[in-house]
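Visitor: I would like to go through this model term by term. Please show it to me.
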Amino acid sequence: MKALTWHGKHDVRVDTVDDPEIVNSRDAIIKVTSTAICGSDLHLYDGVIPMVQSGDILGHEFMGEVVETGANSTLKKGQRVVVPFTISCGGCFHCNIKQYSCCENSNPAEKQDASATLYGHPMAGLFGYSHLTGGYSGGQAEYVRVPYSDFGPIVVPDHLDDEKVLFLSDILPTGWMGAENAEINPDDTVAVWGCGPVGLFAIQSAIVMGASKVIAIDHYPHRLELAKKLGADTINFRETDVREALMEMSGGIGVDAVIDAVGMEAHGFAYDNMMDMVKQTVGIGADRASALKQAILAVRPGGRVSIPGVYGGMTDKWPLGAMMEKGLQLRGGQTHVQRYTKDLLDKIEDGTLDTTFLISHRLPLTQAADGYKNFHDNQNEWTKVVLKPGMEA
Amino acid sequence: MKSDNRELGALAGAGIALGAAAVGAWLSTREKKHHPDSAPGWTQRRNFGDYEVVGRTVTIRKPRTELFAFWREFQNLPQFMENVEKITPKGSGGRAVWTIKAPAGQSVDIETEIAREEQDTLIAWRSVEGSDIDTEGRVTFEDAPGERGTRVSLLIAYKAPGGKVGQAIAKLFMREPEVQARHDLKRFKMLMETGEVSTSARRKDQTRAAQYQQENAR
């Protein structure tokens with residue numbers, strides 16, 4: 001089959017590789033009809049996530065048709081399913097308390113040591129996202145082996161197009177959980193750093209949850225325009241002093257909750273970010289957390305800090321004093337996708353959520369490498385890339 | 001005894017003798033000379049003399065009767081113990097021969113007997129007199145709070161034998177024993193909670209078991 005494989009920093013290629021097979025009894029094989037490039041895939045593309053190996057198939061946002069099932073899969077051939085990017089067994093302590101992205105069993109035993117050393121506990125398995133998270137082959141391929149297929153995938157009705165439901169795999173629940181972690185109340189002003197796909201979905205979710213004002217922060221005019229269309233106020237950090245503006249726009253109180261949808265490769269020319277960029281470049285493994293640091297200073301005392309953006313390592317110059325002295329609550333985490341899929345599918349179906357407005361480009365899978373390059377280099381116009389294995393080149 | 005560790009305190013108090021004199025140290029917190037605390041003996045910052053000691057606990061969301069029954073059928077253990085090729089019962093008294101994988105398709109046999117057994121609570125085994133490897137193991141099953149299932153603790157000790165041949169065998173057997181025990185216990189948890197052992201292999205011939213067989217077929 002054809003699949004998008006990683007070969008090094010800024011080197012991804014569509015290769016021909018062996019088709020997947022049923023390996024365990026709860027597996028299913030999915031024939032991919034649509035798959036997307038995630039902003040977090042750009043961290044792999046930039047080589048800032050450790051333990052990616054040459055030849056690894058990337059991609060964790062995908063959906064398709066069930067073509068083969070193991071003896072204990074509950075899926076049926078021919079069903080259309082969206083597959084959560086987090087692999088969850090459904091049987092462990094964490095799955096039982098609905099913290100699915102903390103699944104204890106989906107990362108193979110021999111792969112758990114690296115993340116356990118880094119974070120104190122092993123991570124769960126994720127599709128196509130380095131060997132820290134299991135080394136599972138990803139979804140930017142014609143076929144994918146899906147473990148625990150009786151638990152994760154959600155069957156979608158035929159009358160909903162791929163593009164409407166594809167993002168249930170990651171960015172829609174990730175944006176939703178980002179807003180949920182901000183514990184939004186009706187009178188709240190909420191600020192969102194980053195108007196990439198997750199930020200845009202967090203903005204939309206915060207509005208659906210009833211925030212009185214949502215302020216979107218970015219520097220790409222087109223992305224800010226998309227946020228504005230959703231009903232957000234906007235700040236372009238190239239033009240405006242963000243902290244001063246947020247104080248003024250929240251009546252001098254400060255914003256009630258902040259959402260960092262940027263993650264470990266923040267843009268911007270603050271001194272700390274430049275230092276972190278140098279460290280990242282020489283391989284010291286520092287996360288560039290300048291958006292998050294700014295958010296912590298901007299949020300009002302007693303406010304909430306939500307982190308859907310991806311971080312993988314350490315950061316320094318951390319505003320710990322601000323966290324303690326202002327009494328902040330901080331929440332992050334990989335998304336517990338399975339917790340949200342059904343409710344969000346209903347919200348897509350009844351029109352509460354629009355999931356297609358951010359798609360800028362549709363490409364055949366064979367042009368995936370171009371998709372990566374443009375999504376990386378031309379972020380203003382390339383807001384979301386959907387790859388279609390069946391599309392004519 | 002002073003220990004307030006309920007799990008291990010109870011076990012040590014029951015006076016389980018696993019054979020070697022040094023063994024009490026990994027069971028009990030009493031051996032901590034200066035400041036006794038509640039942590040299991042095997043987490044001490046010390047070495048255990050001639051023995052390599054490995055201890056690990058996992059919580060498994062299954063009743064302990066079920067977990068005990070699975071473990072007590074020693075033939076089941078190779079399903080999650082990666083370096084054990086097979087375990088063959090010998091007679092009806094709980095004796096068994098463990099066939100351990102070694103490089104180049106070789107294997108090492110170790111005969112064990114059951115040192116102690118408490119229904120649904122504990123199984124301890126040890127190598128019989130005259131074995132190439134002096135090893136002892138113990139697995140305990142304890143109810144976890146609420147609906148969390150069962151806390152399973154595995155403790156394994158090995159003693160390096162004398163002589164060149166013995167040391168060569170021990171080297172094979174003890175290859176990263178801590179890593180091995182930790183991974184084995186995780187795989188046991190996977191098998192019990194999910195019915196299978198997780199693998200990210202895309203094809204059957206890429207699993208660890210398949211790759212081991214391919215390497216040794218050469």
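Guide: Of the 393 residues of chain A, 53% count as buried. This is a predicted model, in which local features need pLDDT of at least 70 and side-chain atom pairs count only at pLDDT 80 or more, while totals for chains, interfaces and linings use all residues. Residues are numbered from 1 along each chain as its sequence is written, and chains are lettered from A and ligands numbered from 1 in the order in which they are written.

Visitor: What makes a residue buried or exposed?
Guide: A residue is buried if 20 or more other C-beta atoms, placed from the backbone, lie within 10 Å of its own, exposed if 12 or fewer do, and partly exposed in between.

Visitor: Why is A:His10 called partly exposed?
Guide: A:His10 has 13 other C-beta atoms within 10 Å, so it is partly exposed. A:His10 is found in the loop between strand 1 (2-8) and strand 2 (11-16) of chain A; strands (E, at least two residues) and helices (H or I, at least four) are DSSP runs numbered from the N terminus.

Visitor: Why is A:Glu183 called partly exposed?
Guide: A:Glu183 has 16 other C-beta atoms within 10 Å, so it is partly exposed. A:Glu183 is in the loop between helix 5 (171-180) and strand 10 of chain A, and its phi is positive, about 45°, although it is not a glycine.

Visitor: How many helices and strands are there in chain A?
Guide: Chain A has 13 helices and 17 strands.

Visitor: Why is chain A called as compact as a globular protein of that length?
Guide: The radius of gyration, taken over C-alpha atoms, is set against the globule rule, 2.2 Å times the number of residues to the power 0.38. For chain A the radius is 20 Å, close to the 21 Å that the rule gives for 393 residues, so chain A is as compact as a globular protein of that length.

Visitor: Which strands of the open sheet in chain A stand at the edges?
Guide: The six strands have the order 12-11-10-13-14-15, with parallel pairing. Strand 12 (233-236) and strand 15 (329-332) of chain A stand at the edges, each with a single partner strand, so one side of each is left without a neighbour in the sheet.

Visitor: How do you know that strand 10 and strand 11 of chain A pair?
Guide: Two strands pair if DSSP finds at least two bridges between them. Strand 10 (residues 189-193) and strand 11 (residues 213-218) of chain A have five bridges, in the parallel sense.
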